[in-house]
Amino acid sequence: MAVDIKSLSHTQLTELIAKAQSRQGELQKEKVTVLRDKINAMIKAEGLTFDDVFGARAPKSKRAGTTVAAKYRNPTDPEQTWSGRGKRPRWFNDALKAGKKESDMLA
């Protein structure tokens, strides 16, 4: 299938490029799937498992997804808290400017 690129408008050329990139992605995924199937077949033929060949997957970190207890609480709105980590919240900076001390806002 030959396409005369010189006769295409800017819009048509953009569409052609988008379609070509999409097809390229599909081909890449197909290639990966075929290779994965070949590797799994070779592993099974040898009587091994994936973990035997590549090692067991590392366990997930215990720290992932943990929350830190609130260290500071907004004196005007107790629902607003801050753990003391990361950027200071606006209410914390406003309270400091108003004359409050960090120790006044400890939870």
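Is Glu-30 buried, partly exposed or exposed? At 42% relative accessibility, Glu-30 counts as partly exposed, a class that lies between buried, under 20% relative accessible area, and exposed, over 50%, with a 1.4 Å probe and protein chains only. The model shown is predicted, so local features need pLDDT of at least 70 and side-chain atom pairs count only at pLDDT 80 or more, whereas totals for chains, interfaces and linings use all residues. Residues are numbered from 1 along each chain as its sequence is written, and side-chain values use heavy atoms, with hydrogens and water left out.

**View 1. Arg-23, Glu-26 and Glu-30 are linked in a network of salt bridges.** A salt bridge is counted where a side-chain nitrogen of Lys or Arg lies within 4 Å of a carboxyl oxygen of Asp or Glu, and a search of the whole structure gives 3 of them. Arg-23 is bridged to Glu-26, with the closest N and O atoms 3.2 Å apart, and Arg-23 also forms a salt bridge with Glu-30, where the closest N and O atoms are 3.8 Å apart. Because Glu-26 and Arg-23 are 3 residues apart in helix 1, about one helical turn separates them; helices (H or I, at least four residues) and strands (E, at least two) are DSSP runs, numbered from the N terminus. Glu-26 is partly exposed, with a relative accessible area of 39%, and Arg-23 is likewise partly exposed, with a value of 40%.

**View 2. A salt bridge joins Arg-88 and Glu-102.** The closest N and O atoms of this pair are 3.1 Å apart. Arg-88 lies in the loop between strand 2 and helix 3, and Glu-102 in the segment after helix 3, so the pair ties together parts that are 14 residues apart in sequence. Arg-88 is partly exposed at a relative accessible area of 38%, and Glu-102 is partly exposed at 33%.

**View 3. Tyr-72, Trp-82, Trp-91 and Phe-92 form one aromatic cluster.** A pair of aromatic rings is described by the distance of the centres and the angle of the planes. Rings of Phe, Tyr and Trp (its six-membered ring) pair if their centres lie within 6.5 Å, and planes under 30 degrees apart count as stacked, over 60 as edge-to-face and the rest as tilted. The search of the whole structure finds 5 aromatic pairs. In one of them, Tyr-72 and Trp-82 have ring centres 5.4 Å apart and planes at 25°, so this pair is stacked. Tyr-72 lies in strand 1 (residues 72-73) and Trp-82 in strand 2 (residues 81-82), so the pair ties together parts that are 10 residues apart in sequence. The rings of Trp-91 and Phe-92 have their centres 5.8 Å apart and their planes at 75°, so that pair is edge-to-face.

**View 4. The largest nonpolar core has 6 residues, namely Tyr-72, Trp-82, Trp-91, Phe-92, Ala-95 and Met-105.** Helix 3 (residues 90-97) gives the most to this core, with 3 residues. Such a core is a set of buried Ala, Val, Leu, Ile, Met, Phe, Trp, Tyr and Cys residues joined through side-chain atoms within 4.5 Å. Tyr-72 counts as buried at 7% relative accessibility, Trp-82 at 10% and Trp-91 at 13%, while Phe-92 is buried with a relative accessible area of 0%. Leaving aside its neighbours within four places in sequence, Tyr-72 is in contact (heavy atoms within 4.5 Å) with residues including Trp-82, Trp-91, Phe-92, Glu-102 and Met-105.

**View 5. Asp-77 is placed in the loop between strand 1 and strand 2.** Asp-77 is partly exposed, with a relative accessible area of 30%. The C-alpha atoms of Asp-77 and Trp-91 are separated by 9.3 Å, although these residues are 14 residues apart along the chain.

**View 6. Leu-35, Ile-39, Leu-48, Phe-50, Val-53 and Phe-54 make a nonpolar surface patch of about 530 Å².** Patches are made of residues with over 30% relative accessible area and no salt bridge, like charges being joined within 9 Å and nonpolar side chains (Val, Leu, Ile, Met, Phe, Trp, Tyr) within 5 Å. Accessible areas come from the Shrake-Rupley method with a 1.4 Å probe, and for residues only the protein chains shown count as cover. Helix 1 (10-45) and helix 2 (50-54) each supply at least two residues of the patch, and the largest share, 3 residues, comes from helix 2. Leu-35 has its place in helix 1.
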